[in-house]
Amino acid sequence: MGVIGKLQQGLKYIILCLAALVILFPPYIIVVNAFKTKEKFFEASTMSLPDSFFYFDNFVQAFKQASIPLAFGNTATIIIVTLFFNILLGSAFCYAISRFQFRLQGILVGLFMFATIIPQITTQVVNYKTIASLGLTNNLMGPVLLYIGADIIQIYIYLQFIKNIPYELDESAMIEGASLVRIFRSIIFPLLAPATYTIIILKTISIYNDFFVPYLYLPRAQHVVVSTSLMRFFGNNSGDWQLISAAILIIMIPTAVMYLFLQRYIFSGVTSGAVK
Amino acid sequence: MLSKLSFQTQKKVILICFITIPLLLLFTFAYYPALELLRLSFMKWNGVSANKEWIGFANYVEVFSNPDIFGVFKHNFAYFVVGIIQNMLALFFAVILNTKLRGRNGFRLLLFLPYILNGVAVAYLFGYVYDTTNGSLNALLGSLGFEQLSQTSWLGNKDFVNYTLASVGLWRFMGFNMVIYLGALQSIPSDLYEAASIDGANAWQKFSKITLPNIYKIIELNLFLTVTGALEVFDLPFVLTKGGPAGASETFVMKIIETAFQFNNYGLASAMSVVLLLFVVIVLSIQRYLLSRGDD
């Protein structure tokens, strides 16, 4: 490598490190302040390190005041029920629609694909009335129904995937005398596993991070979810940044950890989800 | 038991069982609301009472003539401008990370990290960074010697509050665009670059003559995501500034929610939703048209 090549390489690292600093600066501030006592917070600079990283009072208080256990429980309930139906309905639908020839087939796929261009955020005025008329506002199942019904990314992902499973598999199973339901259950669904994992990851992240739907549909304290718990906590403690920092950390850590372990799936899922 | 039936009958049973519910959901939560919005947009309705009064295009006239409503798109414009910068940065970093570089996976991991963090948490994270008195940005500026600048009220100045907010969006979504660009860059066959090197092409020539034409569609896709994203901004200003100071950071979606759920003016809110829906549909239709034209 020549001198110019080395200079270029060095420049790249400098730029990347600058970017890394910009990315890490806000979280760094939160981390150092979450471990400070109230006195330390007011006397020292916001950027200084805390006396000890074993001071957990802020976390304990945030945990109680922001009803973190309740919020995580509600969020988990919503995610699990949504995923169950998303996967069941999505995979079954895609099996039926892509394995059999029938009239209206093209139109049905088209209807689903066309619906992807209707942004959900614009239809909330009407969807709110629909959910209310079903008696599902102030009910965890309201958001669940919206996540199942209004978001159709799972159908898109399954449709892409099922195309690559050879139809000969279905045919030889039929010759063996398997029923179509059995073929779906024992052959197609297991082979769709990578798509299912992608859907689980993408949906978990998007529901965990969603604020709009829970804010609109679950205003009561007993239905607080992760996003709204932080907002309530902030409202009650504004200015006490050492407390808020602890609450922010508690909320950010689960997806960050998930990301570290599942990065490969997340990258491929995000790319395929965006290029729909 | 099912296997006793002929495959034809099974097929019919499965089609009906597997398709009915998703189809029902699709109509209830996608097509019905779109049509109902259109109908309500011609009505005067408070959301509760039984009588809805047909008032023709009055709601639309209100949307387009009242600067308090349509003028709000000016605030969304800031997100569009910053979104363009975000895309340029994303492409730049994607190109850098697509070269041979030690630790490039680590950098990719780090630059994408903000995207998967909780949006409300990110909003408050920056609430702290941009805070006037306790904020870490002003503390940083002060310690670097920019006394004047370190007094700035980043979220309290109506002239640039939207750009401050949009910069949070840049921090959060740049890595997302970058990963999409990176995926596209990796699919360009490397022998193209090798051949160009043999012919004596420099880095810029390779970028403009090989890279750009090959990822043209992905740039387009990212730009459209930027436009629709800018039109639909809600969480960030809602959480961080509540639309303040004095409504300077209100976005169009915030206006819709306020009109419907606080002022109970469902007719007007529906008309606003239809306008937003049309904007997004137009943008996406242009995108799909351009993409499908490229396929032929």
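Predicted model: local features only at pLDDT ≥ 70, side-chain atom pairs only at ≥ 80, totals over all residues.
Residues are numbered from 1 along each chain as its sequence is written, and chains are lettered from A and ligands numbered from 1 in the order in which they are written.

Chain A holds 14 helices and zero strands, where helices (H or I, at least four residues) and strands (E, at least two) are DSSP runs numbered from the N terminus. The radius of gyration of chain A, taken over C-alpha atoms, is 24 Å, well over the 19 Å that the globule rule (2.2 Å times the number of residues to the power 0.38) gives for 276 residues, so chain A is more spread out than a compact globule. Along the principal axes, the C-alpha atoms of chain A fill a box of roughly 75 × 70 × 35 Å. Of the 276 residues in chain A, 38% are buried, a residue being buried if 20 or more other C-beta atoms lie within 10 Å of its own, exposed if 12 or fewer, and partly exposed in between, with C-beta atoms placed from the backbone. Two residues are in contact if their C-beta atoms, placed from the backbone, lie within 7 Å; among contacts in chain A between residues at least 6 apart in sequence, 75% join residues at least 24 apart.

Chain A is divided into domain 1 (3-55) and domain 2 (61-274), with bounds that come from an automatic or database domain assignment. The C-alpha centres of these two domains of chain A lie 34 Å apart, and seven residues of domain 1 are in contact with six residues of domain 2. On the side of domain 1 that touches domain 2, helix H1 (3-34) and helix H2 (38-43) of chain A each supply at least two residues, and H1(A) gives the most, with four residues. By class, that side of domain 1 of chain A has four nonpolar, one polar and two charged residues, where Ala, Val, Leu, Ile, Met, Phe, Trp, Tyr, Cys and Pro count as nonpolar, Asp, Glu, Lys and Arg as charged, and the others, Gly among them, as polar.

In chain B, Phe224(B) is found in helix H11 (residues 216-231). Phe224(B) is partly exposed, because 18 other C-beta atoms lie within 10 Å. Not counting residues up to four places away in sequence, Phe224(B) touches Val283(B), Leu284(B) and Gln287(B), whereas the C-alpha atoms of Phe224(B) and Lys11(B), 213 residues apart along the chain, are separated by 40 Å.
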